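Good morning, and thank you for coming.

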Amino acid sequence: MSRTVAFTDKLELLRLLDSIIDFARSTIQLEILLYLGLKKEYASASEIAIDLGLRFKSVYDAIIKLTRKGLVEKKGNGYLITEEGREFVRNLCMLFSDNTSLRGDVKGLRSLRVMIERIVMAKYLYDIILALGYAKNHEASLDKLSKLIGISQVRLRSYVELFVNNRFKELRLFKRVIKYKPIIPFIRRKGKIYYRLTEAGIKELRRLYEYRRYNRNIYLKLLFRVTFSLSKSEVYKKLIGLIVTGIITSITLSVVLGSLWIIAAWLCIVQVLSALALISEYVG
């Protein structure tokens with residue numbers, strides 16, 4: 001299997017694992033699960049908190065969530081990773097180290113932290129590729145991507161730049177572009193950083209299941225274009241905002257002009273947008 005295909009397969013597996021534990025927002029759950037993957041016996045919540053240097057309440061809340069997901073089980077005052085949890089850890093290890101088990105002991109937690117950072121980075125990378133895939137010309141500014149993904153521009157740029165001039169040609173997924181917009185003729189303001197998918201990046205994009213589903217869905221594509229969005233969640237947020245703003249505006253205009261046709265017209269538009277959103281969920 002080629003390096004490129006393997007990379008895409010890993011991104012897809014990462015997406016599936018992320019649906020169980022949100023890597024970007026649940027790093028404590030991830031850290032605890034990896035910790036328990038190294039343990040040979042049960043560990044109490046307080047022991048986990050001390051070893052990982054975390055607050056007890058944060059650890060306890062995370063363990064409860066892991067227990068509900070079936071990844072951790074409770075026995076007395078201790079917790080142990082389940083077989084389902086071990087399978088989850090095996091998949092993670094295969095993703096980032098080509099091994100199916102963790103190595104070391106619970107005191108060697110530095111390697112765990114490095115692994116977690118790599119997992120989180122890979123999840124953000126997946127989101128960035130998709131966002132650029134949805135964008136016009138597969139291109140978006142650094143600040144827009146930063147707001148969409150939910151991390152600082154500095155951090156996002158550090159991730160993306162790894163795949164701008166990667167030593168492996170097939171992993172040069174992005175191209176950095178500086179754009180200048182004139183304020184007045186012959187005077188340019190400071191350049192703005194944009195990132196664009198390269199040919200290699202587009203190849204990776206087209207292999208992603210989520211993008212293939214989007215590409216087959218003309219209704220979802222239309223909603224993306226109407227709302228100028230780079231993610232499904234952004235589409236629905238903007239739709240709600242557009243509908244509410246439109247209703248308020250149409251009511252105001254109807255009162256001022258003394259006519260109800262404006263409200264009626266907007267309600268028809270709302271029905272069309274709502275139907276598009278509903279249909280888009282069942283196509284592709």
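At roughly what angle do the axes of helix α2 and helix α4 cross? Before I answer, a word on the source. This is a predicted model, in which local features need pLDDT of at least 70 and side-chain atom pairs count only at pLDDT 80 or more, while totals for chains, interfaces and linings use all residues. Residues are numbered from 1 along each chain as its sequence is written, and side-chain values use heavy atoms, with hydrogens and water left out.

Now to the answer. The axes of α2 (residues 27-38) and α4 (residues 56-68) cross at roughly 75 degrees and come within 9 Å. Axes here are lines fitted to C-alpha atoms, for helices over the stretch in contact, with angles running from 0 to 180 degrees between N-to-C directions. The two helices are therefore roughly perpendicular to each other, a term that covers 65 to 115 degrees. On the α2 side, the contact (heavy atoms within 4.5 Å) is made by I28, Q29, I32 and L33. On the α4 side, S58, V59, A62, I63, K65 and L66 take part. By class, this contact has 7 nonpolar, 2 polar and 1 charged residues. In that scheme Ala, Val, Leu, Ile, Met, Phe, Trp, Tyr, Cys and Pro are nonpolar, Asp, Glu, Lys and Arg are charged, and the others, Gly among them, are polar.

Let me step back to the whole chain. The chain has 13 helices and 8 strands; these are DSSP runs, with helices (H or I) of at least four residues and strands (E) of at least two, numbered from the N terminus. Of its 284 residues, 43% count as buried, meaning under 20% relative accessible area, with exposed being over 50% and partly exposed in between, for a 1.4 Å probe and protein chains only. Among contacts between residues at least 6 apart in sequence, 60% join residues at least 24 apart.

I turn next to the strands, where pairing requires that DSSP find at least two bridges between two strands. Strand β2 (residues 72-75) pairs with strand β3 (residues 78-81) in the antiparallel sense, over 4 bridges. Within this pair, V72 stands opposite I81. The hairpin has 2 residues between its strands, and G76 takes a positive phi near 65 degrees there. Strand β8 (residues 192-197) runs antiparallel to strand β4 (residues 139-141), joined by 3 bridges, and A140 stands opposite Y195 of β8. Strand β5 (residues 174-179) is also antiparallel to β8, with 6 bridges between them; there I178 has I193 as its bridge partner.

Finally, the charged side chains. Side chains of opposite charge can pair when their charged atoms come close. How many salt bridges does a search of the whole structure find? The search finds 14, each a side-chain nitrogen of Lys or Arg within 4 Å of a carboxyl oxygen of Asp or Glu. One of them joins K123 to D127 at 2.6 Å, N to O. These two residues are 4 residues apart in helix α6 (residues 110-134), so about one helical turn separates them. K123 is buried at 11% relative accessibility, whereas D127 is partly exposed at 23%.

K238 and E234 form another salt bridge, with the closest N and O atoms 3.4 Å apart. K238 is partly exposed, at 32%, and E234 is buried, at 15%.

Key. Parallel < 35°, antiparallel > 145°, perpendicular 65-115°, else oblique.
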